[in-house]
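Subject: Handover of a structure and the findings on it

Dear colleague,

Please find below the structure that I am handing over to you. The findings follow directly after it.

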Amino acid sequence: IQGRRIVLKTLDDGGNSGQAGENTRKLIEGDGVLAVFGGIEGGPCEASMKVATERKVPLVACMAGSPALREPFSRYVFPVRAPHFNEFEKFIETALQFGQNRIAFLHTDNANGQKHLANVKKLLAERKTELTLALPISSGAEKPDAAKVAQQLIAAKVDTVFNHGGYGLYAQVIKEVRARGGNIQFMAVNSGAAQMAKQLGDEAKGLIFTQVVPFPWSVAIPLVKEYQQALARHAPPGTQPSFSGLEGYASAKVLVAGLRSAGGKSLSRDSLQRAMETLGSVDLGGMTVKYSPGAHPGSNFVDTVIVAGDGRFAR
């Protein structure tokens, strides 16, 4: 970028929030990084955000839909993907469009889960609909009983259910409901979509996922075409497009836009922070992000895909 080479240092947090915070501290204090880029899932992203914000280092494109990445506002946090709020809105609109008025929500039993539950109720109230069933799932050491959750869903006669949280338990719940003959439309947030579909096998058919990037096989979209060309040039042979891969690519484009804007020999954490929040509206080629002083919404792009009979995603 303007004659300066980007050096990417990568540490693995293993999905552990404590390790994510420690990794962020090491990168900032030990390696003196200009910015912290990426990160996956709510807990680790929030831990990383806490450390980066305290040390006034830009955190760009942590890949989670957690409300904490936007509320309260932090001038150092720059989400790219749309928040879970937008995904929940998409689920509700889809359900109501097909006359599915009895809606259930599975959420983690923690502060984040409670925020998500409040948002779901708010979205439903705006549409003069009530949540039929809210099921808090323990995030502690006690393993939730998928069979019990399935029985509760069937007993409540819900039409559709969507989730917040890890896909492992949710996949088990889907299997338990279908084993009991339950006729429920399952929908799921984007996290772990490919892994969840693989875990469910034939039982994944008809499952609806939200996605926060365009369809990565639709070359008519400029961002997707560019991503596929980059895969062909730089990825190991046989690497296939994916939603997570495209999200990483789109996120990197946002970071590069900030670096180009900050530019010059005086590049610093402060100059990058100022450049990022004055980018305004940036069209990535079929997906737009927005940043301004006092508001860092990123993207509001949310689409839905369905798992076809052959296990592949279809629009």
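Two residues are said to be in contact when heavy atoms of theirs lie within 4.5 Å of each other. This meaning of contact is needed in several places below. Please keep in mind throughout that the model is predicted.

Helix α1

I begin with helix α1, which runs over residues 17-30. How far apart should the ends of its 14 residues be? At 1.5 Å a residue, the helix should span 20 Å, and its end C-alpha atoms are 19 Å apart, which agrees.

The buried residues of α1 are A20, G21, N23, T24, L27 and I28. They cover an arc of only 160° around the axis, and therefore they lie on the same side of α1. On the other side of the helix, G18 and G30 are exposed. Among the elements that cover the buried residues of α1 are β1 (36-37), α2 (42-54) and α10 (269-277).

With neighbours within four places in sequence left aside, G21 is in contact with A47 and V51. The C-alpha atoms of G21 and E46 are separated by 8.4 Å, although these residues are 25 residues apart along the chain.

At the start of α1, a side-chain oxygen of N16 comes to within 2.9 Å of the backbone nitrogen of G18. Just after α1, G32 takes a positive phi of about 60°.

The nonpolar core

In soluble globular proteins, nonpolar side chains tend to be buried together. In this model, the largest nonpolar core has 58 residues. Which residues have the most contacts inside it? They are L153, F186, M196, F209 and F313. Helix α9 (residues 243-262) gives the largest share of this core, namely seven residues.

Apart from neighbours within four places in sequence, F186 is in contact with L153, V161, Y170, I174, V177, R178, G206, L207 and I208.

Aromatic pairs

The count of aromatic pairs comes to twelve. F105 lies in strand β4 (residues 103-108) and F162 in strand β6 (residues 160-163), so the pair ties together parts that are 57 residues apart in sequence. Both F105 and F162 are buried.

A further pair is made by F215 and F243. Is this pair stacked or edge-to-face? The ring centres are 6.1 Å apart and the planes are at 65°, so the pair is edge-to-face, a term used for planes over 60 degrees apart. Since F215 lies in the loop between β8 (208-211) and α8 (222-234) and F243 in helix α9, the pair ties together parts that are 28 residues apart in sequence. F215 is buried, and F243 is buried as well. F215 and F243 also belong to one aromatic cluster, formed by F209, F215, W217, F243 and F313.

A buried histidine

H116 is found in helix α4 (residues 111-126). Is H116 buried or exposed? H116 counts as buried because its relative accessibility is 1%. Leaving out neighbours within four places in sequence, H116 is in contact with G65, P67, H84, F88, F105 and H164.

Notes on the backbone

- The peptide bond from E71 to P72 is cis, with omega near -5°. P72 lies in the loop between β2 (59-60) and β3 (77-78).
- Q2 has a positive phi of about 50°, although Q2 is not a glycine. This residue is in the segment before α1, and with a relative accessible area of 53% it is exposed.
- K56 has a positive phi of about 55°, and K56 is not a glycine either. Its place is in the loop between α2 and β2.

Yours sincerely,
A colleague

Note on methods. Residues numbered from 1 in each chain as written. Predicted model: local features only at pLDDT ≥ 70, side-chain atom pairs only at ≥ 80, totals over all residues. Heavy atoms only, no water. Helix = DSSP H or I, 4+ residues; strand = E, 2+ residues; numbered from the N terminus. Expected span 1.5 Å × (residues − 1). Buried < 20%, exposed > 50% of the residue type's maximum accessible area, 1.4 Å probe, protein only. Arc of directions from axis to C-beta. Polar contact = N/O pair within 3.5 Å; in protein donor to acceptor, adjacent residues only side chain to side chain. Core = buried A, V, L, I, M, F, W, Y, C linked by side-chain atoms within 4.5 Å. Phe/Tyr/Trp six-rings, centres within 6.5 Å; stacked < 30°, edge-to-face > 60°.
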